[in-house]
Amino acid sequence: APTTTAGQTEGTSEEAATSAQAAADLSGSISMVGSTSMEKFANALSESFMEKYPKVTVTAEFVGSGAGVEAVNNGSADIGNSSRNLKDEEKANGVAENIVAIDGIAVVVDPSNTVEDLTKQQLSDLYEGKVTNWKDVGGSDAPVVVVGRESGSGTRSAFEELLGLEDLCKYSNELDSTGAVMAKVASTPGSIGYVSLDVLDDTVKALKLEGAEPTEENIKAGSYFLSRPFVMATKGDISQQNDLVKALFDYIYSEEGTEIVKSVGLIAVDK
């Protein structure tokens with residue numbers, strides 16, 4: 001419940017009524033374009049926000065982080081969803097990095113794989129093609145099938161950056177969505193892939209890294225090293241956006257928004 005501080009004026013209840021009226025009057029549309037990893041979060045957010053503001057339509061397209069940032073930069077979208085930090089050249093164009101949640105990246109293998117845990121070095125060696133058989137990292141004698149995302153993917157750029165492997169990975173398959181990676185790994189013996197933490201299910205097996213399981217607690221504690229921000233980029237700061245977009249960010253950073261973040265398996269940011 002909101003706490004009142006001493007010396008508050010009588011005007012606050014009137015202001016609350018005014019903002020409730022403003023909420024009822026909010027109408028129009030907001031367009032989001034970008035990361036496929038953010039699909040679950042973006043859809044949950046859109047649905048919940050439209051329920052609260054029935055005259056507002058939120059549309060979301062999922063075409064990759066790079067395309068999302070480009071769309072917001074060229075004015076074809078209100079918000080660019082990016083599952084990685086913005087690059088310096090993107091910020092130089094006046095695109096603002098608004099972090100709305102933290103996501104872990106899970107490293108997944110097919111369920112029959114006997115490996116439980118990889119060191120950072122082993123993971124790098126697997127993706128760089130230095131280790132090509134699972135027996136060299138404690139598994140059975142089977143070839144490694146290296147699965148990853150396409151070059152515009154925020155998950156891929158975050159994964160490669162965190163391991164210092166930009167443009168060095170030797171992929172057998174480069175797939176264009178989180179779901180495609182999950183399906184490929186689930187059905188391919190010897191495969192290894194990386195996906196957003198919030199999509200994990202029992203079709204794949206998530207590995208420990210350096211002994212740490214991919215959990216919220218471990219990511220917050222810093223013991224699980226594969227994590228990245230979910231960014232909702234805007235052209236200029238939030239304060240420069242239209243009333244609809246401002247209202248959406250107010251909602252994201254409210255208690256209700258925090259609940260949505262957590263409900264899809266993400267970590268809320270302190271705002």
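Select Phe159: leaving out residues up to four places away in sequence, Phe159 touches Ile105, Val107, Leu123, Tyr127, Tyr194 and Leu226. Contact here means heavy atoms within 4.5 Å.

This is a predicted model, where local features need pLDDT of at least 70, side-chain atom pairs count only at pLDDT 80 or more, and totals for chains, interfaces and linings use all residues. Residues are numbered from 1 along each chain as its sequence is written, and side-chain values use heavy atoms, with hydrogens and water left out.

Buried means under 20% relative accessible area, with a 1.4 Å probe and protein chains only.

**H5 against H6**

Select helix H5 (residues 120-128) and H6; they pack at an angle of about 125°, with their axes 10 Å apart. Axes are lines fitted to C-alpha atoms, for helices over the stretch in contact, and angles run from 0 to 180 degrees between N-to-C directions. H5 and H6 are therefore oblique to each other: angles under 35 degrees count as roughly parallel, over 145 as roughly antiparallel, 65 to 115 as roughly perpendicular and the rest as oblique. Show the side chains: Lys120, Leu123, Ser124 and Tyr127 in H5 meet Phe159, Leu162 and Leu163 in H6.

**H2 against H10**

Next, select helix H2 (residues 39-52) and helix H10 (residues 255-263). Their axes lie 9 Å apart, at an angle of about 150°. Phe41, Ala44, Leu45, Ser48 and Lys52 in H2 meet Glu256, Ile260 and Val261 in H10.

**Last stop: H3**

Go to helix H3 (residues 65-73). Which of its residues are buried? Ser65, Gly68, Val69, Ala71, Val72 and Asn73 are. They pack against several elements, including strand E1 (28-34), helix H4 (88-92) and helix H6 (154-163).

Methods. Buried means under 20% relative accessible area, exposed over 50%, partly exposed in between (1.4 Å probe, protein chains only). Helices (H or I, at least four residues) and strands (E, at least two) are DSSP runs, numbered from the N terminus.
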